[in-house]
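Here is a short briefing on helix packing, the nonpolar core and ring contacts. Please keep the model open while reading.

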Amino acid sequence: MKTLLLSMTASLVFAGGAAHSQDAASSPQAPTAAEVLTGVSPQTREEQIGETRTYVSETVQAGPGNVASRNRQTFTLETMALTRNKILMRYRLTSAEAEDATRPYLAGLLQAYIDVPIEFEANLNGMPQRIINWTRVSQALETNMAQALPAEEALRTGTLAGLNAMPDNVRALAILSDVATLAQMQPRGPVRLGRVTAPETRTPVADNRFVASTRFAELDMIEPARCTARFQSGSSAQVEGAPDRTTTTLVGELSTLDGWANTLERRTEAVSAQGTAVQTLTIRREATPGCG
């Protein structure tokens, strides 16, 4: 339940690996040793129905004027069902705490989600696409927010109205933002080791200015003895002729057994004329699977 920030997904790495695997498949000859080494599977065991993973997430943010906030959450992810291109999962927030002087109500909002089962569809990377039991979730949130924030009727009403007005995919990403961040470093299918860099893009904005954007993704350090790999990505966006700049880096460890992240850290720095704001998100998986 955190604000989604600009970050690079694993699609660049996946696209490179997928293109390589398609080329190899179209050839009547067996792949060479070099071809095998450049395409590795980040998931050697298929998703298992009934498996539950537990994660601890912590976000720390600091901005101009010594504005600071922190929140910490523990949640579980249970695989409920599988299709050829989707996973049905259940998210459950089990604990949450927040310290934010500018938003004293944040702790109450987080408390409203505790023990509310949120069932959602995701793609094979784990990226949330739709909350399928939203009616029940919204009813539970309405009840829980009334208990956690009894004097904040306008806030409660506005929060639920805003969530109800969102398209399905936007609502899923907003509520399950930690899950979406995990999915950004969880490619499925053969992946090429090394760095993939996208060409710089220039997007027009106001006053005849442009935003210059760059991004990369990299998968390396496959460790067979631990069944892990190291993933990192980065992106930057600079307004030409202005101080406005946003830079995001993401680095983490990926389990090559089940394809899910063991750890990650995402750091986002936003620079403007008002100053610099930095947000650091860390997510840690409890009971990492090793090699099974």
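Which elements do the buried residues of H4 pack against? They pack against helix H3 (106-111), S5, S6, H5 and H6. This is a predicted model: local features need pLDDT of at least 70, side-chain atom pairs count only at pLDDT 80 or more, and totals for chains, interfaces and linings use all residues. Residues are numbered from 1 along each chain as its sequence is written, and side-chain values use heavy atoms, with hydrogens and water left out.

**Helix H4**

- Helices (H or I, at least four residues) and strands (E, at least two) are DSSP runs, numbered from the N terminus.
- The buried residues of H4 are Trp134, Val137, Ser138, Leu141 and Met145; buried means under 20% relative accessible area, exposed over 50%, partly exposed in between (1.4 Å probe, protein chains only).
- They cover an arc of only 95 degrees around the axis, so they lie on the same side of H4; the arc is that of the directions from the helix axis to the C-beta atoms.
- Thr135, Arg136, Glu142 and Gln147 are exposed on the other side of H4.
- Ser138 sits in H4 (residues 134-148) and has a relative accessible area of 13%, so it counts as buried.
- Beyond its neighbours within four places in sequence, Ser138 is in contact with Leu160 and Asn164; contact means heavy atoms within 4.5 Å.

**Helix H6**

- In helix H6 (residues 168-175), Arg171, Ala172 and Ile175 are the buried residues.
- Their arc around the axis is only 100 degrees, which puts them on the same side of H6.
- The buried residues of H6 pack against strand S5 (118-122), strand S6 (128-131), H4, helix H5 (153-165) and helix H7 (177-183).

**Nonpolar core**

- The largest nonpolar core has 44 residues, of which Leu77, Tyr91, Ile118 and Phe120 touch the most other members.
- Such a core is a set of buried Ala, Val, Leu, Ile, Met, Phe, Trp, Tyr and Cys residues joined through side-chain atoms within 4.5 Å.

**Rings**

- Tyr55 and Phe75 form a stacked aromatic pair, 5.8 Å centre to centre with 25 degrees between the planes.
- Rings of Phe, Tyr and Trp (its six-membered ring) pair if their centres lie within 6.5 Å; planes under 30 degrees apart count as stacked, over 60 as edge-to-face and the rest as tilted.
- Both Tyr55 and Phe75 are buried.
- Ring pairs join Tyr55, Phe75 and Tyr91 into a cluster.
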